[in-house]
Amino acid sequence: PLLYYLFTFVEIICRNPIISMKVTLVLTIVLCAVSGYIYLRRHGSPTSAALVTCFIVFSPAVHIYTYNNNFPTNTLAIPFIFMTLYGIDCFDSEKKFDTKCFLITSLGYAGMILSHLATAFMFTLLAVPYFLLSLYLYRSKKFVQNFIFSFGFGIAMSAFYLFPA
């Protein structure tokens, strides 16, 4: 449903459904590129982050996959994947409760669920090894609590919309 809200917002501005749909498709790709760069920049140089982001955005495999599997909604879920991973990686073990990490991870996961449920399901399966690797890095009970509570809060936020619908 998140894509429809984005389309409606763009349609209010453009007042033409065809142009609005094209703008929405371009916005999803731009959001994917920007969020991918921000996440990848955390792990490398600006040049390498830009090159990898270009590869993600312009990769034929990504476009064929997303074309076959609901192109706009699936592409809109990808920025939220990067946002969720960024939230997990920005965990500060020195704090008693890391509010910034908690909110970024929760909002990213809720946005992923609301934009494309199948992508969120696949991400949840892939988050298990990511959690284990992050657990090896942080080695704290606070990280486990923050990880579980942030995903739970993301589910609760998206369920607030999805259950009545």
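This briefing describes the fold, the confidence and selected residues of one predicted protein model.

The model is predicted, and therefore local features need pLDDT of at least 70, side-chain atom pairs count only at pLDDT 80 or more, and totals for chains, interfaces and linings use all residues. Residues are numbered from 1 along each chain as its sequence is written, and side-chain values use heavy atoms, with hydrogens and water left out. The protein chain has eight helices and zero strands; helices (H or I, at least four residues) and strands (E, at least two) are DSSP runs, numbered from the N terminus.

**Confidence**

- The mean pLDDT of the protein chain is 84, and 90% of its residues reach 70 or more; pLDDT is the predictor's confidence in each residue, from 0 to 100.
- Confidence is lowest in helix H4 (residues 60-68), with a mean of 60, and highest in H6, with a mean of 90.

**Overall shape and surface**

- Along the sequence, the pattern of the protein chain is α-α-α-α-α-α-α-α.
- The C-alpha trace spans about 50 × 45 × 25 Å along its principal axes.
- Of the 165 residues, 40% count as buried; buried means under 20% relative accessible area, exposed over 50%, and partly exposed in between (1.4 Å probe, protein chains only).
- The protein chain exposes about 9,900 Å², of which carbon and sulfur atoms supply 76%; accessible areas come from the Shrake-Rupley method with a 1.4 Å probe, and for residues only the protein chains shown count as cover.
- Among contacts (heavy atoms within 4.5 Å) between residues at least 6 apart in sequence, 66% join residues at least 24 apart.

- Buried residues in H2 include Ser20, Thr24, Cys32 and Tyr39.
- Asn16 caps the N-terminal end of H2, with a side-chain oxygen 3.2 Å from the backbone nitrogen of Ile18.
- Arg15 lies in the loop between helix H1 (2-14) and H2, and Arg15 has a positive phi of about 60° although it is not a glycine.
- Arg15 is exposed, with a relative accessible area of 71%.

- H6 has 17 residues and reaches 24 Å from its first C-alpha to its last, close to the 24 Å expected at 1.5 Å a residue.
- Because 13 of its 17 residues are buried, H6 is largely enclosed by the rest of the structure.
- Ser106 is located in H6 (residues 99-115) and is buried, at a relative accessible area of 0%.
- A polar atom of the Ser106 side chain lies 2.9 Å from the backbone oxygen of Ser150.
- Not counting residues up to four places away in sequence, Ser106 touches Ser150, Phe153, Gly154 and Met157.

**Helix H5 and Thr84**

- Thr84 belongs to helix H5 (residues 71-89) and counts as buried, at 0% relative accessibility.
- The Thr84 side chain reaches the backbone oxygen of Phe80 at 2.7 Å.
- Beyond residues up to four places away in sequence, Thr84 touches Thr105, Gly108, Tyr109, Met112, Phe123 and Phe151.

Technical notes. Polar contact = N/O pair within 3.5 Å; in protein donor to acceptor, adjacent residues only side chain to side chain. Expected span 1.5 Å × (residues − 1).
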